[in-house]
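Biologist: I would like a close look at the aromatic rings in this model, and at the parts of the fold around them. Please take your time over the answer.

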Amino acid sequence: MKTKYIHTALSAGLFISGSCLAQTSDKPNVICILVDDLGYGDLSCQGGNDIRTPNIDRIMNEGVRFTNFHANCPVSSPSRAALLTGRFPDLVGVPGVIRTDPQDSWGYLSLNAVLLPQVLKSAGYESAIIGKWHLGLESPNTPNEKGFDYFKGFLGDMMDDYYTHLRWGNNYMRLNNEIIDPEGHATDLFSDWAIDYLNQRKEQDNPFFLYLAYNAPHTPIQPPQEWVDKVKKRESGISDKRAKIVALIEHLDAGIARVWDALEKNGQLDNTIVIFTSDNGGQEDAGANNGIFRGAKQDMYEGGIRVAGGFYWKGKIEAGRKSDNFAMLSDLFPTICEITGARYTHPIDGISILPTLLGKKQVTDDRTVHWVRREGNMWYGGMAYYATRKGNYKILQNTPWEPVQFFNITEDPTERRPLDQKQHQSLYESLFRSQMEHIRQAGSIPWQKGSDF
């Protein structure tokens, strides 16, 4: 979806529950909770029978829960780029993971990219990011330079230790542009800082956008020991590996509960939309559960890209509803803009799913969408691999060296029965040519820092 247009909920005359979002004070706050490497089946509301996540379940069950929600990549940086720009990630220079070592970094956020907090300013919003950024380690690609008014968190890709917060010996913890060295488990810190921000915002009149990006349950799987002990006591026969990741997720769930309680205590929950999702699927060798789906983090199979998607909005979104509409992280940008009345004039690839949130009929899978990941090492060789989908049909490579596979996702959600391309030649060729054109367009966007920047 690359048509250039001006989009604003106000100019479109958007009415929600009989009240036009015409005044800044009437506009809802928006909290987007993004977690890191959460398996599709690692929530109790999504079939996890050895895990208890009542607080995340509350967001999913007291609003609308998407069963067909997708990340834009099976790894972190590209998905975050898609969420914050509404673009396919290679169209903003992030086809792969941004890392400390330039020889192993496969993306560089385009200087031309327009991020969600930048457009939310037009609607009177203050924006904050608490937690993991992962879209740049230095100027000009830092959160405060990309529209966020407040940043307290971690610039890098992952922490080598949840307590030291270091990555390759580097301290990437920041308060805006200041280096900080806090003490404590990263999940607890991010929850504490989010609560501090909410407490500060309760005295302010203008609405806020809070992007709360946890690094849990990304490796290292390092929950507090008391949480591991609790899981092992409850789940007879559970393996040590599985117990640790369950404990890390349940500890995360408890942190989210504290954030929710702060919203309630401050009287903010009545006028706040809460979004919960993950940047990609769970890491299989870390013990994650991706439900019925084939594959895991790094894979273009559904296990790598199908993720939890829940939206809570008191009095606006009907509680207890499930939707099987197709949606992606890149859809959050236009959806939030439509809700808030934020204006943008540049092309994006996502679509607003606000009609679906409000229980209205909406077709969301009549578009062609693409996934990309570029990666190094001996498995990938610095090359990219792709998936493309329209409606029920999907083509994918799971490494750059494999033949393209072709699936009907509705009839074969576990992707175990590839279709004969010759028997469905027109469908296959349509997807293949669309993917080829996308690759051609993305070829004009630099993805590494160099003279072009």
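Which residue lies over the face of Tyr 301, and at what distance from the ring centre?

Modeller: Arg 294 lies over the face of Tyr 301, at 4.0 Å from the ring centre; a charge is said to sit over a ring if NZ of Lys or CZ of Arg is within 6 Å of the ring centre and within 35 degrees of the ring normal. Lys 394 is likewise placed over the face of Trp 371, at 5.9 Å from the ring centre.

Two notes on the source belong here. This is a predicted model, in which local features need pLDDT of at least 70 and side-chain atom pairs count only at pLDDT 80 or more, while totals for chains, interfaces and linings use all residues. Residues are numbered from 1 along each chain as its sequence is written, and side-chain values use heavy atoms, with hydrogens and water left out.

Turning to rings that meet other rings, a pair is described by the distance of the centres and the angle of the planes. Rings of Phe, Tyr and Trp (its six-membered ring) pair if their centres lie within 6.5 Å, and planes under 30 degrees apart count as stacked, over 60 as edge-to-face and the rest as tilted. By this rule the count comes to 20 aromatic pairs. In one of them, the ring centres of Phe 190 and Trp 193 are 5.8 Å apart and the planes stand at 55°, so the pair is tilted. Both residues belong to helix α4 (residues 186-201), where Phe 190 and Trp 193 are three residues apart, about one turn of the helix; helices (H or I, at least four residues) and strands (E, at least two) are DSSP runs, numbered from the N terminus. Phe 190 is buried at a relative accessible area of 0%, and Trp 193 is buried at 7%, where buried means under 20% relative accessible area, exposed over 50% and partly exposed in between (1.4 Å probe, protein chains only).

Tyr 380 and Tyr 385, by contrast, form a stacked pair, with 5.2 Å from centre to centre and 10° between the planes. Tyr 380 counts as buried at 8% relative accessibility, and Tyr 385 is buried at 0%.

Phe 209 in β11 stands opposite Val 30, and five bridges join β3 to strand β11 (residues 208-213), the two running parallel; strands pair if DSSP finds at least two bridges between them. Strand β12 (residues 272-278) also runs parallel to β3, joined to it by seven bridges, with Thr 272 as the bridge partner of Asn 29. As for cover, seven of the seven residues of β3 are buried: Asn 29, Ile 31, Ile 33 and Val 35 lie on one side, and Val 30, Cys 32 and Leu 34 on the other.

The loop between β3 (29-35) and α1 (54-61) holds Asn 49, which is exposed, with a relative accessible area of 73%.

For the setting as a whole, there are 11 helices and 19 strands in the protein, and buried residues make up 61% of its 453 residues.
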